[in-house]
Amino acid sequence: MVSDGDTLDRMRRGPFAFGQRLDLASTIAQLNQEHSSNRIYVSLLESEPEARIGDKIMPSLPLSVMNVMDGMRSTQEMSVQGESAVGEASAELDYVVSGTQVLTVTVK
């Protein structure tokens with residue numbers, strides 16, 4: 001996936017991040033983790049699910065583990081993504097980047 005920082009941040013936060021009430025320290029910590037808008041990001045994604053609990057990332061989890069962890073969604077800050085981020089690179093630009101493009105590559 002080739003994208004801007006905002007798209008990458010939305011993908012990592014998951015659908016349940018909006019509407020959360022955070023204290024000042026948590027808000028500042030979250031803002032410090034945001035990606036810059038003057039960089040272009042290339043992310044290598046794998047088609048295996050990934051879970052995030054707080055700021056911990058658990059990539060490429062088997063479905064059996066995901067089923068066990070599904071009960072944690074109501075008690076903890078947990079989100080599940082359809083893909084796992086395998087790698088990421090970026091390049092700084094002299095202008096603001098906006099948009100995303102997903103390229104599908106099959107590795108045999």
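**Note on serine 37 and its chain**

1. Serine 37 is partly exposed, at a relative accessible area of 40%. Buried means under 20%, exposed over 50%, and partly exposed in between (1.4 Å probe, protein chains only). The model is predicted: local features need pLDDT of at least 70, side-chain atom pairs count only at pLDDT 80 or more, and totals for chains, interfaces and linings use all residues. Residues are numbered from 1 along each chain as its sequence is written, and side-chain values use heavy atoms, without hydrogens and water.

2. Where does serine 37 lie? Its place is the loop between helix 2 (24–32) and strand 2 (39–46). Helices (H or I, at least four residues) and strands (E, at least two) are DSSP runs, numbered from the N terminus.

3. Look at the neighbours. Leaving aside residues up to four places away in sequence, serine 37 touches Tyr95, Val96 and Val97. Contact means heavy atoms within 4.5 Å. Leucine 93 is 56 residues from serine 37 along the chain, yet their C-alpha atoms are separated by 9.2 Å.

4. Now the whole chain. It has three helices and seven strands. Their order along the sequence is β-α-α-β-β-β-α-β-β-β. Of its 108 residues, 23% count as buried. Take contacts between residues at least 6 apart in sequence: 77% join residues at least 24 apart.

5. Check strand 3 (residues 50–53). Glu50 and Arg52 point one way, Ala51 and Ile53 the other, and all are buried. Strand 3 runs antiparallel to strand 4 (residues 56–58), and three bridges join them. Strands pair if DSSP finds at least two bridges between them. Isoleucine 53 has lysine 56 in strand 4 as its bridge partner.
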